[in-house]
Amino acid sequence: MAVPPMQPARGVAAGSADLARPLRASLMLDVILGLLVAVTLPLAIVAVPNTISVVAALLPPDVSQIEMVRAHGLALPAMVLTVPLAALFLRQVRAVPVLVAGLALLALADAAGGYAGSASLVGVLRALHGVGAGLLLPASLVTVWERSAVLRALWAGMLAVSLTAAQALALWPLNEVRSWRVTLQPYPMLTGVALVLAAVYLVFWIRSGEGSASPEAMRGGRLPVAAGSAAAVATLALGTTFDWPPGLLVLVAVLSIIGLFLLASASGFGEGAGRAPAYTMLVVGVVVLPTAAQVTNVELGGLSGPGLSGLWPAFLVAGVLGLAAAVAVSRLGESTAPLCAAGGLAVLVAGLCAVRALLPTAEGLALLFPFALLTAGAAVALTAVLRPSGVGVALFALSLFLPGILSGFLLGTGVQLTMLRQAETPQAMVDAFVGALHLWALVGGGLVVATIVLGAALARRTVVVGAGAVEDEASQEGAAGNERSVSVPAPAPPVDSAPSPVGSAGDDRSAEEAEEEGPDGAVPETGPGRDPGAAGAPEPGTLPVVPPPTPSPEGALGDGADRP
């Protein structure tokens, strides 16, 4: 048959064009989502620091500074409550519209911040900031989970960079500011850019027709329990603002951290599948942002440090290094994830040691070591534990992340207040801040080391349990094989009698066959559905040592009487 030579070529060309279109659309979605993650995560984390005390001199005389500080601090408790509730909500709805809604809330709070004039309105707007940021974190996580592993690494790396630079980003707009309301709208232009990017991504996402993570993949774990724990930690944090003594503050923070680790241990995702991400995100939240905030405050110009202008080169290098480390880890195999996670936490300990050994310093370059180690260690650890995890595991770990940050701030504040109570001169206050930073670095390093040991013990237990299960299965198979090998088969029937395909089924004969049996249970030699050669078939349950020759299928269906 003659085939036109040009038709296959046109078919291949048409198929290539059809394939190139979705590839280009997918690449465009990845690029827009990458830019969106790079903008939204810093906006979400920058809502955490409470910076109203820096501009307290600009507040109106009739406004209580204590009430304003308390109202401005509502953003972090609101985030703590919103993240687990948003994770539960994302089981029912798509993540991309939730991402747009979070940015819209941030934009609304920024726009209304210029009209705030009382502590109550400041509290409402800061709570809106917290709710919007709390929606952004889980929604962005689920959104990148639908895409490539590189975008997951970008999410983890940007989260680590945001934790390190959040305090400096919150203080930067307050340099030589003339209005205290800037604390309520630190980056309105960046929020607008993020909202535009989110709207563009929503349009392309709808046109592409791509789905979201399945609800089954997002279920499991203890998200309702995490929501209750987050509410408890947020309530305690609000209570501590009413002049609690430093010792009680430290005790509450320690108990909160212990309770969160117990909740992470009871994650309910199987042997170590959910505990390792929960441990890692919890300890990163407790340690990184409170440490970076204290370092930033100590290194300001008023405390003989280089100031914000001297901090930015270190932040820039640390950010690039953290993102590069996260992407590099995403390129490795999943079998290396436990080792990379432990290595990232070890680098985090090295960063805390650098904080204790090198700071304070008046040289901005010396800050490169602690910031780079903290950022790279957190980025590697987060990327390594999240990459092999399911989206439900990641959401549960994220629900412990914000309570960990809040507990870390409570513990760090308690340590600072304990040491500041003994300071009576300005120099003594500076020394107290530095001493509190060094003590906090020691406490944080010990907590990270304990997490590494806990993770190693968990991994060893998982391997031992898995090996035991394999051995049990092998022993059961061996026992079954021995049982089969000792069974003595019945003597073989004569060669001239071949078993019927129906008769060889043993005890699984149908009711119709049972009705045709004789009074003594014997099957008649002839009858409907019977092969004449079945009279000499072996008894049910026996198997001949040498299988006798069976009738050919062609003979049974061809030349015999069974031909229709």
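**Aromatic contacts in the predicted model**

The charged end of Arg 152 sits over the ring of Trp 145, 4.2 Å from its centre. The cut-offs: NZ of Lys or CZ of Arg within 6 Å of the ring centre and within 35 degrees of the ring normal. Arg 70 also lies over a ring face, that of Phe 242, at 4.0 Å from the ring centre.

A word on the source. This is a predicted model, where local features need pLDDT of at least 70, side-chain atom pairs count only at pLDDT 80 or more, and totals for chains, interfaces and linings use all residues. Residues are numbered from 1 along each chain as its sequence is written, and side-chain values use heavy atoms, without hydrogens or water.

Now ring on ring. The structure holds four aromatic pairs. One of them is Phe 261 with Tyr 279: stacked, 6.0 Å centre to centre, 25° between the planes. Pairing takes centres within 6.5 Å, using the six-membered ring for Trp; planes under 30 degrees apart are stacked, over 60 edge-to-face, the rest tilted. Phe 261 is in helix α10 (residues 246-265) and Tyr 279 in helix α11 (residues 275-298), 18 residues apart. Helices here are DSSP runs of H or I, at least four residues, numbered from the N terminus. Both Phe 261 and Tyr 279 are buried.

Next, Trp 312 and Phe 315. Their centres are 5.4 Å apart and their planes at 55°, so this pair is tilted. Both lie in helix α12 (residues 307-330), three residues apart, about one turn. Which is buried, and which partly exposed? Trp 312 is partly exposed, at 23% relative accessibility. Phe 315 is buried, at 7%. Buried means under 20% relative accessible area, exposed over 50%, partly exposed in between, with a 1.4 Å probe and protein chains only.

Methods: Helix = DSSP H or I, 4+ residues; strand = E, 2+ residues; numbered from the N terminus.
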